[in-house]
Amino acid sequence: MTAVEQSSRTPAREGSRFHVGPAALAIPAALWMVVFFAAPLLLFFVYSFLTARLYAVSGPLTLEAYRDALTTHINATLALNSLVVGISVAATTVVVALPIAYWLRFAAGRWETVVLFLITATFFASYLVRIYAWRSILGDNGLLNSGLKSLGILDQPLGFVLYNRFAVTVALVHIFLPYVVLVLYAGFRPISPALVEASQDLGANAVTRWRKVILPLVAAPAATSFVLVFVLAAADYVTPQFLGGTDGAMLGVRIQTALTGAGNWPLGAALSFLMLATFVACYALTLLLLRSLRLDRVRFVS
């Protein structure tokens with residue numbers, strides 16, 4: 001073998017020796033997902049088929065936990081509350097965030113950066129602080145009732161604005177609104193202002209522009225935001241504990257009580273997987289609807 005042939009083959013061998021493929025690069029992330037997500041989820045799934053003891057489980061495998069979860073009246077009531085609150089919060093948040101994101105993209109001008117910074121700054125506020133803030137605002141001696149009393153509108157405080165689904169909905173909309181605004185703002189970014197101006201020049205009024213131009217282009221991020229907020233709101237258990245009372249209790253509270261209060265791990269696991277199955281079904285239906293309408297992606301229009 002000549003020196004030229006040896007020198008030409010050596011780099012190839014060295015390159016193949018140190019070559020790392022995409023599959024190898026994905027191994028650390030895959031191991032992380034298996035250890036900290038898939039394994040606990042699988043263990044929890046097995047728990048849902050076992051028999052409950054006080055903070056313990058035992059065999060044999062049974063469907064008793066699922067039967068209890070599906071037939072108990074309180075679980076059905078709490079599931080209905082979770083569904084109503086989840087849909088209300090998701091719909092309200094998307095409806096409120098859409099004009100804000102539109103204004104940031106097309107009309108904010110020099111205020112765009114300032115407003116985005118203020119929206120991002122709200123993430124530094126604690127989740128519990130915001131819940132307690134709404135508890136103070138809606139309470140009998142809170143800002144709302146005190147203000148109405150000082151104006152002479154009320155003699156007695158409004159007791160129906162706290163410890164119910166309304167209070168939970170208001171607080172969750174406030175909590176999730178910044179996230180949805182940013183998602184929708186990112187969805188508006190690919191849309192050129194010239195497209196909106198062209199539709200206006202062709203005689204489309206504001207309603208027509210929103211219905212035929214703007215909403216179809218941002219349908220995918222809007223639907224994604226709706227599903228995300230619906231899942232987070234319907235599964236929340238902290239806000240209902242502080243603001244929900246008996247009328248605003250939700251299924252997440254029941255799961256938390258079953259796992260930590262009563263020590264009934266199979267029931268808590270069964271309720272969790274039934275809720276997870278509902279969320280997956282909602283996501284699949286939303287995706288199917290978007291694809292059937294050909295609105296499943298943001299269209300980059302320049």
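Predicted model: local features only at pLDDT ≥ 70, side-chain atom pairs only at ≥ 80, totals over all residues.
## Helix α6 against helix α8

Start with two helices. Helix α6 covers residues 127–138, and helix α8 covers residues 165–188. Their axes come within 10 Å and cross at roughly 135 degrees. That angle makes α6 oblique to α8. The crossing of α6 past α8 is right-handed.

Which residues make the contact between α6 and α8? From α6 come Tyr-127, Arg-130, Ile-131, Trp-134 and Leu-138. From α8 come Ala-167, Val-170, Ala-171, Leu-172, His-174 and Ile-175. Sort the residues of this contact by type, and 9 are nonpolar, 1 is polar and 1 is charged.

## Helix α5 against helix α8

Helix α8 also packs with α5. Here the angle is about 140 degrees, and the axes lie 10 Å apart. So α5 is oblique to α8. Roughly antiparallel would need an angle over 145 degrees.

On the α5 side, the contact uses Glu-112, Leu-116 and Ile-119. On the α8 side, it uses Pro-178, Val-181, Leu-182 and Tyr-185. The residues of this contact divide into 6 nonpolar, no polar and 1 charged. Glu-112 returns below, in a salt bridge with Arg-189.

## Salt bridges

Side chains of opposite charge can pair when their charged atoms come close. How many salt bridges does the structure hold? There are 2.

One joins Glu-64 to Arg-67. Their closest N and O atoms are 2.6 Å apart. Both residues sit in helix α3, which runs over residues 64–71. They are 3 residues apart, about one turn of the helix.

Another salt bridge joins the side chains of Arg-189 and Glu-112, at 3.5 Å from N to O. This pair links distant parts of the chain, 77 residues apart. Arg-189 lies in the loop between α8 and α9, while Glu-112 lies in helix α5. Helix α5 spans residues 111–121, and α9 spans 193–201. Arg-189 is partly exposed, with a relative accessible area of 42%. Glu-112 has a relative accessible area of 18% and is buried. Why does Glu-112 count as buried? Its 18% falls under the 20% cut-off.

## Leu-215 in helix α10

Leu-215 is part of helix α10, residues 206–217. Its relative accessibility is 35%, so Leu-215 counts as partly exposed.

What does Leu-215 contact, once neighbours within four places in sequence are left aside? It contacts Leu-98 and Trp-210. Leu-98 is 117 residues away from Leu-215 in sequence. In space, their C-alpha atoms are 9.3 Å apart.

## Ser-199 in helix α9

Ser-199 belongs to helix α9. Its relative accessible area is 10%. That value is under 20%, so Ser-199 is buried.

Which residues does Ser-199 touch, not counting those up to four places away in sequence? Ser-199 touches Ala-204, Arg-209 and Val-213.

Key. Residues numbered from 1 in each chain as written. Heavy atoms only, no water. Axes fitted to C-alpha atoms, helices over the stretch in contact; angles between N-to-C directions. Helix = DSSP H or I, 4+ residues; strand = E, 2+ residues; numbered from the N terminus. Parallel < 35°, antiparallel > 145°, perpendicular 65-115°, else oblique. Left-handed = near helix turned anticlockwise from the far one by under 90°. Contact = heavy atoms within 4.5 Å. Nonpolar A, V, L, I, M, F, W, Y, C, P; charged D, E, K, R; others polar. Salt bridge = Lys/Arg side-chain N within 4 Å of Asp/Glu carboxyl O. Buried < 20%, exposed > 50% of the residue type's maximum accessible area, 1.4 Å probe, protein only.
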